[in-house]
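Have a look at the fold before reading on.

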Amino acid sequence: MSRKLRWSSADYCKLSKNQQHVFAQEKALRLYKSNAIYSFIPKNACSTMRLSLALYNNCLATTDDFKWIHKNNLTFSADLFSLVTASYTFVILRCPYSRLASVYLDKVVGEETSQKFIDRTFQEVKKSPTNFKSILGKRKPDTTVSELSFHEFVIALHNNRALRNDQHWRPQVEFLVYKDYDDYFCVEEFSKARKALKAKVDLEVVDARGLTLHGTNRFTLVEDSELHKASSLDIRRMMQNGECPSHSSLFNDEIIELVGSMYAEDIKMYKSTFGVNGLLYS
């Protein structure tokens with residue numbers, strides 16, 4: 001397949017100054033032994049894939065050192081020559097609705113959340129008390145951003161143009177360095193990626209969820225139509241007791257519409273590649 005770059009001609013400037021291309025290029029990771037390129041997208045099985053690449057590229061000998069990957073997100077980033085001459089390219093996509101729900105559960109509800117992360121992410125919200133108040137509605141005046149419900153979190157992203165403030169919820173299309181890839185896989189059918197990557201580049205995909213404690217697979221999933229209004233503190237208490245909202249329970253009609261608007265290009269790409277069966281809302 002011809003390796004046509006997606007963003008290189010989007011701006012008539014020096015390629016190293018082309019922000020769209022530079023962003024996508026640094027997220028394009030090399031598999032050295034097979035001359036392959038994997039475009040990593042946060043929240044799309046990315047810890048599993050980065051751990052697998054670290055083992056494949058001989059930087060780790062065992063999974064015991066899995067925390068290494070968090071300091072080496074871009075260690076395997078490709079240069080221009082590697083992009084153009086790659087023997088094989090692939091990317092893993094995810095239902096945009098599930099991806100955003102996963103971000104909220106990991107980054108806002110999760111214990112790893114720091115006030116620094118919150119302040120950076122919602123800097124525009126924090127600067128504008130009036131706007132912050134409008135987001136929180138009738139909540140108590142001293143409510144902090146880290147207490148946001150999923151409903152309020154989505155509204156904050158939408159109303160404050162924060163969609164690109166953090167890579168974990170940045171649109172997936174912006175991570176794609178190529179116009180086309182040899183293979184597109186999805187989180188919703190991840191077993192297909194595991195089998196194909198073993199067959200094509202001899203990559204052993206190692207599940208990192210038990211190490212990073214991300215994901216909902218270790219919880220009893222709860223279905224409740226009111227959970228989109230629950231504060232992150234309330235959901236954290238649920239998770240401490242072994243329960244977690246299902247992704248679909250975090251959505252109502254308003255949130256579905258907002259997410260559909262914010263991630264329209266991602267949804268279009270997912271539909272055209274995999275159909276609608278893997279989407280929470282088609």
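## Ground rules

Serine 246 touches Leu221, Val222 and Glu223, leaving out residues up to four places away in sequence; contact here means heavy atoms within 4.5 Å. This is a predicted model, where local features need pLDDT of at least 70 and side-chain atom pairs count only at pLDDT 80 or more, while totals for chains, interfaces and linings use all residues. Residues are numbered from 1 along each chain as its sequence is written, and side-chain values use heavy atoms, with hydrogens and water left out.

## Around serine 246

Serine 246 sits in the loop between strand E6 (243–245) and helix H12 (253–262). Helices (H or I, at least four residues) and strands (E, at least two) are DSSP runs, numbered from the N terminus. With a relative accessible area of 6%, serine 246 is buried; the cut-offs are under 20% for buried, over 50% for exposed, and partly exposed in between (1.4 Å probe, protein chains only).

Phenylalanine 219 is 27 residues from serine 246 along the chain, and their C-alpha atoms are separated by 9.6 Å.

Strands E1 (residues 28–31) and E2 (residues 36–39) run antiparallel and are joined by four bridges; strands pair if DSSP finds at least two bridges between them. Leucine 29 faces tyrosine 38 in E2 as its opposite number. Four residues lie between the two strands of this hairpin, and asparagine 35 in the turn has a positive phi of about 55 degrees.

The largest nonpolar core has 35 residues, and Leu100, Tyr104, Phe150, Phe153, Val154 and Val259 touch the most other members. Such a core is a set of buried Ala, Val, Leu, Ile, Met, Phe, Trp, Tyr and Cys residues joined through side-chain atoms within 4.5 Å. Helices H4 (96–109), H8 (150–159), H11 (232–240), H12 and H13 (264–274) each supply at least two residues of it, with the largest share, eight residues, coming from H4.

Beyond its neighbours within four places in sequence, valine 154 is in contact with Leu100, Ile255, Leu258, Val259 and Met262. A second, separate core of 27 residues includes Leu29, Leu53, Phe190 and Leu203.

## Positive phi in two loops

Lysine 43, in the loop between E2 and helix H2 (46–56), has a positive phi near 80 degrees without being a glycine. Lysine 43 counts as buried at 11% relative accessibility.

Aspartate 202, also not a glycine, has a positive phi of about 60 degrees. Aspartate 202 lies in the loop between helix H9 (190–201) and helix H10 (209–212) and is partly exposed, at 49% relative accessible area.
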